[in-house]
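Hi,

Here is the structure I promised to send over.

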Amino acid sequence: MNHLVDIDITDKKVGLRVDLNVPIENGEILNHERLSAALPSILYILERTKKLCIISHLGRPEEGSFNENYSLEPIKNWFQKRLNVEIPLLSEFKNIPESLCLMENIRFFKGEKDNASELSAMISNCFDVYVMDAFATAHRQSASTYGAILEAKEACAGQLFSQEIKSLDSALHNSENVLSIVGGSKVSTKLNVIKNLISNSSKVLVGGGIANTFLKAAGYEVGISLVEDEMIDISRKLLDTNKIILWVTHNLDELNNFSNKFILLQDAPLFKGEYTPIGEVVYGFEILDTIADDHRREYVLRPDFINSFKLLTD
C-alpha cells in the first residue's frame, strides 16, 4: 500500500477522500472530532500543492438529488475558519478549480453506493493523485472509497488511514490477547472485517445493530429490531467459532449483571425506554444501545474485564 508521505504530490491535483460525517443540528456542528482528525492530511497536502479537492459523505441522503439537511455547507464554514481561506463548495466533478475546494456530499451523486464505474472514473479522472483517508468507510465498496482508487492514476493512503493501519498491525500481531469490538448496523458491510478479526483476535465483541443479527442467529427473540435475515446462516457459522461475544454471553462471568441488559424502545407514538433482560424481548419492541435523550452509550463492561485484553475497536 502506498502512503501519502511516499508520494510526490508537488503542484499536482489531489483528490482527498475523508470522513467528515459529523452530527449537525440546525446548521451547528455538534462534534468536530472527525473534522480535526482530517486536518493533518489536508495541511500536509496544502504545503506541497494548492490544488486540493476534499471529498466526503454526510449521513444517508437519497442518491441523485440535493437535500439541504445533508449539505456540507456547515463543514465548509468550519474549515474556512480553521484554514482562514475561502473554500468553494462544488456540486459536480467538472471544472474543478486549481485551489482548495470541497465537493458537496458525495452521497448526492448517483452511483456512489453501488460503485458505479461511470462515477468512479469521473472522480479519478479529475486528479493526478487520489488519497484515501476515510478509514471508517474503507469497508464499503463505494465509488469514492473503492472504484475511484482502482481507476486513479496514482493512489495512496492518507496520514490518518496510515496511522490506523499501523495501529491495527501492532494490535493484531504484537499482542497475544486481543479483544476486538465491532459496531455498526449491518453484518453484511463488515463481514470481511469480522472474519479477519476472528482469525487475529482472542475474542470479538459485537454491538450496535450487528449484535441483533447475531442474537437472532443464537435463537433469541429480537422483536422489531434491525436485523439482516439473509445473514443469519453466516452469523451462526461465525458464532460456531466460539470467538463472538454477545452482550448476553453466559461463558464470561466477568460480564456479571451487565451481560443481559439492553435498552428497549417500544414501537409507539410516545417512546419510553426501559431495561429488559434480553430473553424477555417480545414483538413490538426494539433493542437499542443508546438512550434517546442524551445519546450516551449504555453498554457497560467492568474495568477488570476490559483490562485483561488489549482493546481493538471499530
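For the terms: strands count as paired if DSSP finds at least two bridges between them, and helices (H or I, at least four residues) and strands (E, at least two) are DSSP runs numbered from the N terminus.

Before going further, please keep in mind that this is a predicted model: local features need pLDDT of at least 70, side-chain atom pairs count only at pLDDT 80 or more, and totals for chains, interfaces and linings use all residues. Residues are numbered from 1 along each chain as its sequence is written, and side-chain values use heavy atoms, with hydrogens and water left out.

Back to the sheet. It is an open one of six strands, in the order E5-E6-E4-E1-E7-E8, with parallel pairing. At the edges are E5 (89-90) and E8 (155-157), each pairing on one side only. Working through the other neighbours:

- E1 and E4 run parallel and are joined by four bridges; Gly15 stands opposite Cys53 in E4.
- E1 and E7 also run parallel, again with four bridges; here Arg17 has Met132 of E7 as its bridge partner.
- E7 and E8 are parallel too, joined by three bridges, and Val131 stands opposite Cys156 in E8.

Buried here means under 20% relative accessible area, exposed means over 50%, and partly exposed is in between (1.4 Å probe, protein chains only).

Next, the aromatics. There are five aromatic pairs in the structure. One of them is Trp78 with Phe79, an edge-to-face pair at 5.0 Å centre to centre and 85° between the planes; both residues are buried. Another is Phe135 with Phe161: the ring centres are 5.2 Å apart and the planes are at 75°, so this pair is edge-to-face. It links distant parts of the chain, as Phe135 is in the loop between E7 (129-132) and helix H4 (143-151), while Phe161 is in helix H5 (residues 159-173), 26 residues apart. Phe135 counts as partly exposed because its relative accessibility is 21%, and Phe161, at 10%, is buried. The criteria: rings of Phe, Tyr and Trp (its six-membered ring) pair if their centres lie within 6.5 Å, and planes under 30 degrees apart count as stacked, over 60 as edge-to-face and the rest as tilted.

There is also a charge over a ring: the charged end of Arg48 sits over Tyr44, 3.6 Å from the ring centre. The test is NZ of Lys or CZ of Arg within 6 Å of the ring centre and within 35 degrees of the ring normal.

Asp11, in the segment before strand E1 (14-17), has a positive phi of about 60° although it is not a glycine. Asn242 also has a positive phi of about 60° without being a glycine; this residue is found in the loop between helix H8 (232-239) and strand E11 (244-245). Asn242 counts as exposed because its relative accessibility is 56%.

Ile245 lies in strand E11 and, at 2% relative accessibility, counts as buried. Ile245 and Val204 are 41 residues apart in sequence, yet 5.9 Å apart in space, C-alpha to C-alpha.Last, the second largest pocket: 13 residues line it, and Arg60, Arg107, Lys113, Arg140 and Ser142 lie nearest its centre. By class, its lining has one nonpolar, five polar and seven charged residues (Ala, Val, Leu, Ile, Met, Phe, Trp, Tyr, Cys and Pro count as nonpolar, Asp, Glu, Lys and Arg as charged, the others, Gly among them, as polar). A pocket is an open set of points on a 1 Å grid over the protein atoms alone, where a 1.4 Å probe fits, with protein on both sides within 12 Å along at least five of seven lines; lining residues have an atom within 4 Å of a point.

Cheers
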